[in-house]
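Visitor: Could you walk me through the pockets and cavities in this one?

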Amino acid sequence: MYNKIRKTTSFIAPEGWLQIKTIDMHTGGEPLRVILEGFPELKGNSVLAYRQDCKQNHDYLRTAFMYEPRGHKDMYGCVLTPPNDEGADFGVLFLHNEGYSTMCGHAIIAIATLAVKMQWINAKEGDNILKIDAPCGRITSFVNIKNQKINTVRFHCVPSFVVGLDRRVKVPGLGTITYDLAYGGAFYAYVDMEKNNFDFSLLSENLKEITRVGMEIKHAVVETDKEIVHPFEHDLSFLYGTIFIEKSDQPDIDSKNVCIFANGEVDRSPTGSGVSGRMAIHKARKELEIGDSMAIQGITGSVFRGSIIEELEFGKFKAVIPQVSGTAYITGEHNFLIDPEDPFAAGFLLG
């Protein structure tokens, strides 16, 4: 039998089973499952419309590929879609344990990397530009090639702005918490560790406490702050997560960033949309100007570099266009199968 086993290296799915092909990646340790083939064609004429159709009609596939047994509580994924118009190369929907996020910087870095690795574009030396339509708007990414290898990947985010600095919220069991409310493709409550009396630091061994406190702050801010409102798009008007900020003990790193988002997910990377919002905060505090940059470290030690490209008016807000750079890597590819008789076909989560 052993020789027969060695010769049988693939399973032929019976009729009625769903097959979906993916490529898995990570950016700074944060996973990304890129769904490439087999996903139902989404209806609509924009990424926001595709997002709504997916949410209403195909959400069982989000849970199937984000939840156990194929994924886990902190899994993240995306589905590629047509762009909003001919000005972009493609669109993207972001998936996680709670639903569909509006922006994801680590995914943009990974997808742009994949576009070169998969030869979707004819890459050349220097910058290779991709226009990607996300739910929050159009993102411009740049894959820099040096000596025929990917050197860096960076992106220009949508207009990012501050709603308020040094806001205060009462959190049961924690007391009064000071936070900044800002948008970088998604809304976050930014919590500076120095301004609040926490009994933990942003180390991986404190992950359970960081997650618990982050979610408690998120829920309190959602209940009390009535200005989590996008100036143009109702579907973008929700608080995505809490971002803790702490000074780094490394001389070449400006600070640490740990994001608790969705339903208690922990971003392993420094969070691209979170860094985008921080660029707006630092500009508002006169700590950064156009051309200045910061190195921001995530909980795994991975680093994104953020800077400000330009300033602009965005509705009633003074906004910035942030630039964020990082690196991504392919970890595997999958031909996932869904057996219609499997009682856990749509996935499950423990805890």
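**Pockets and cavities**

Guide: The lining of the largest pocket has ten charged, four nonpolar and two polar residues (Asp, Glu, Lys and Arg count as charged; Ala, Val, Leu, Ile, Met, Phe, Trp, Tyr, Cys and Pro as nonpolar; the others, Gly among them, as polar). This is a predicted model, where local features need pLDDT of at least 70, side-chain atom pairs count only at pLDDT 80 or more, and totals for chains, interfaces and linings use all residues. Residues are numbered from 1 along each chain as its sequence is written, and side-chain values use heavy atoms, with hydrogens and water left out.

Visitor: What volume does the largest pocket have?

Guide: About 300 Å³, as the space filled by probe spheres set on grid points joined across faces, edges and corners. On a 1 Å grid over the protein atoms alone, a pocket is an open set with protein on both sides within 12 Å along at least five of seven lines; a cavity is a set of points where a 1.4 Å probe fits but cannot get out; lining residues have an atom within 4 Å of a point.

Visitor: And how many cavities of 30 Å³ or more are there?

Guide: The count is two. The largest cavity has a volume of about 80 Å³, and C104, H106, Y240, D267 and T271 lie nearest its centre among 13 lining residues.

Visitor: Which residues line the second largest cavity?

Guide: D166, T178, Y179, D180, Y190, D192, K195, N196 and R285. By class, five are charged, two polar and two nonpolar.
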